[in-house]
Amino acid sequence: MPDTRLAEICRSFRARIGRMLLTLSICRGAFALLITLGALIASDYFFRFGAGGRWTMLGTFALVAAVLAARVRLGRGRRTWSDLEVLAYLDRLDPEFGDRLVNLHELSRAEDVDEAATPEGRAILERGLAELSAAVARVRPDDGLEGRYVRRWKGLAGGLAPAALVAALLFPGLAAIGLQRVFLPFKHVRWSSQTTLEIAEPERGWRIPQGEDFELTVQVLGLKPPELEVIYRSTGTDY
């Protein structure tokens with residue numbers, strides 16, 4: 001009976017450890033991806049990247065996601081705790097416990113104890129098992145696992161995700177443009193601006209002799225500035 005109960009405690013502890021590590025990986029991954037996405041969108045908004053920059057943003061996000069996925073996979077392959085390690089850890093959680101769980105684990109294997117070879121020794125072992133078995137009822141495998149480190153990452157991810165959602169709801173147009181520019185670099189999407197210029201092609205074309213006037217027909221859409229300066233540089237060298 002004690003050995004069965006101890007095995008149940010160890011299985012429960014290992015299952016809890018697995019769930020905790022998975023939760024930690026999800027929280028850290030979500031936080032890192034949201035921070036990365038926000039930084040990419042903000043950088044693109046201020047610097048207005050071209051096609052190459054947009055592909056670089058997509059590659060950066062994919063690389064971060066791949067690294068996080070690899071860390072989760074490697075975390076699952078880590079060495080699991082043995083029964084003795086679990087019991088020793090649980091004993092340390094309660095200073096009054098001493099080594100009761102470890103001792104109970106060892107005494108429950110009477111065939112490995114020399115004192116069990118005699119009737120008197122077996123009687124002593126049975127009394128010890130009876131006394132230590134009462135300690136098993138006090139064990140809570142989940143105690144001590146939900147530490148500050150996990151709670152901190154839960155708080156960070158739990159706070160950042162709603163904040164990002166609220167920002168997207170408040171500025172749906174900007175959010176849609178930013179997401180498309182990051183994840184659809186092949187699609188022609190540009191940031192909105194207060195002023196847009198539509199320049200008609202000149203009648204004499206885009207190349208003129210040096211020193212001559214270059215007349216343009218420009219339609220100003222949106223906010224009309226008091227002054228407008230257009231800088232045009234030809235790719236040729238003879239004009």
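Y45, F46, F47, V166, L170, F171 and L174 form a nonpolar patch on the surface, and together they have about 780 Å² of accessible area. A patch here joins nonpolar side chains (Val, Leu, Ile, Met, Phe, Trp, Tyr) within 5 Å, or like charges within 9 Å, from residues with over 30% relative accessible area and no salt bridge. Accessible areas come from the Shrake-Rupley method with a 1.4 Å probe; for residues, only the protein chains shown count as cover. This is a predicted model: local features need pLDDT of at least 70, side-chain atom pairs count only at pLDDT 80 or more, and totals for chains, interfaces and linings use all residues. Residues are numbered from 1 along each chain as its sequence is written, and side-chain values use heavy atoms, with hydrogens and water left out.

Helices α1 and α6 (148–170) each supply at least two residues of the patch. The largest share, three residues, comes from α1. L174 sits in helix α7 (residues 172–183). L174 has a relative accessible area of 35%, so it counts as partly exposed. The cut-offs are under 20% relative accessible area for buried, over 50% for exposed, and partly exposed in between (1.4 Å probe, protein chains only).

Now the overall layout. The chain has seven helices and two strands. From the N terminus on, the elements run α-α-α-α-α-α-α-β-β. Helices (H or I, at least four residues) and strands (E, at least two) are DSSP runs, numbered from the N terminus. Of the 239 residues, 22% count as buried. The chain exposes about 16,700 Å², and carbon and sulfur atoms supply 58% of that area. Take the contacts (heavy atoms within 4.5 Å) with a separation of 6 or more: residues 24 or more positions apart account for 64% of them.

Go back to α1, which covers residues 2–47 and holds D44. D44 counts as buried because its relative accessibility is 1%. Leaving aside neighbours within four places in sequence, D44 is in contact with F49, M57, R181 and W191. With R181, the contact is a side-chain salt bridge (2.4 Å, N to O). This pair links distant parts of the chain: D44 is in helix α1, R181 is in helix α7, and they are 137 residues apart. Both D44 and R181 are buried. A search of the whole structure finds one salt bridge, defined as a side-chain nitrogen of Lys or Arg within 4 Å of a carboxyl oxygen of Asp or Glu.

The largest nonpolar core has 14 residues, and L6, F13, V86, L87, L90 and L101 have the most contacts inside it. Helices α1, α3 (83–93) and α4 (100–107) each supply at least two residues of this core. Helix α1 gives the most, with six residues. Apart from this core lies another, of nine residues, including F61, V182, V189 and W191. A nonpolar core is a set of buried Ala, Val, Leu, Ile, Met, Phe, Trp, Tyr and Cys residues joined through side-chain atoms within 4.5 Å.

Finally, look at R48, in the loop between α1 and α2. R48 has a positive phi of about 50° although it is not a glycine. Most residues other than glycine have a negative phi. R48 is partly exposed because its relative accessible area is 39%. T60 and T36 are 24 residues apart in sequence and 8.5 Å apart in space, C-alpha to C-alpha.
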